[in-house]
Amino acid sequence: MRDRKLGIVETIGHVFKMVVDGNRAGYAITAQDFATDVGLPIAEAAKKQTLADARQKLKWEAFEFLLGEARRDDLEVPWLSHRVRIADGSKVRTPNTEDLREHFAIPNTAAGPGFYPQGWLVTLLNSTSGQ
């Protein structure tokens, strides 16, 4: 395992990997699976603390920006004069910080109010270009 800083592309790739896998694996397994998926040996996988630190620094606005970029009309190739997109989403529980509480609601549960703000992580892809 490598102890290094992750760049923005690797960090977002790891977060997407966690979402695709339903967040069932911890950081160490996710990092190993991600390394394998992108063709790196397991020894090149990020350490779990490195991944946790990088994810903590990643602001939610990065995903808002990416979603905006995915919606750009000039990136789309029409099919029979129609836009073709693929959408998927997942509910994300975030750390309970003041900044996040300003943007994301804390849902109520059957046992009363929840403890963590939650948001939707939505991916929107152009099916012809993959962007």
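Helices (H or I, at least four residues) and strands (E, at least two) are taken as DSSP runs and numbered from the N terminus. In these terms, Ile106 is placed in the loop between α5 and β2 (108-109). The structure is a predicted model, in which local features need pLDDT of at least 70 and side-chain atom pairs count only at pLDDT 80 or more, while totals for chains, interfaces and linings use all residues. Residues are numbered from 1 along each chain as its sequence is written, and side-chain values use heavy atoms, with hydrogens and water left out.

The protein chain comprises five helices and four strands. Read from the N terminus, its elements follow the order α-α-α-α-β-α-β-β-β. Residues are classed as buried under 20% relative accessible area, exposed over 50%, and partly exposed in between (1.4 Å probe, protein chains only). By this classification, 25% of the 131 residues of the protein chain are buried.

Helix α1 (residues 8-20) contains 13 residues, and the distance from its first C-alpha to its last is 18 Å, close to the 18 Å expected at 1.5 Å a residue. The expected span is 1.5 Å times one less than the number of residues in the helix. Thr11, Ile12, Gly13, His14, Val15, Lys17 and Met18 are the buried residues of α1. Following α1 is Gly22, which has a positive phi, near 70 degrees.

A salt bridge is defined as a side-chain nitrogen of Lys or Arg within 4 Å of a carboxyl oxygen of Asp or Glu. One salt bridge is counted by this rule, and a salt bridge joins the side chains of Asp37 and Lys17 (2.8 Å, N to O). Because Asp37 belongs to helix α2 (residues 27-37) and Lys17 to helix α1, the pair ties together parts that are 20 residues apart in sequence. Asp37 is exposed, at 53% relative accessible area, whereas Lys17 is buried, at 16%.

A patch of negative charge on the surface is formed by Glu61, Glu64, Glu98, Asp99 and Glu102. Helices α4 (61-70) and α5 (98-103) are the elements that give two or more residues to this negative patch, and α5 provides the largest share, three residues. Patches are made of residues with over 30% relative accessible area and no salt bridge, like charges being joined within 9 Å and nonpolar side chains (Val, Leu, Ile, Met, Phe, Trp, Tyr) within 5 Å. Asp and Glu count as negative, Lys and Arg as positive, and His and the chain ends are not counted. Glu98 is located in helix α5 and is exposed, with a relative accessible area of 56%.

Ser81, in the loop between α4 and β1 (85-93), has a positive phi of about 65 degrees although it is not a glycine. Ser81 is also exposed, at 72% relative accessibility. Ile106 is partly exposed, with a relative accessible area of 33%. The C-alpha atoms of Ile106 and Pro117 are separated by 4.2 Å, the two residues being eleven residues apart along the chain. Gln118 belongs to strand β4 (residues 118-126) and is partly exposed, at 25% relative accessibility. Between the C-alpha atoms of Gln118 and Leu100, 18 residues apart along the chain, the separation is 8.9 Å.

Note on methods
Areas by Shrake-Rupley, 256 points an atom, 1.4 Å probe, with all protein chains shown as cover. Charge placed at Lys NZ, Arg CZ, Asp CG, Glu CD.
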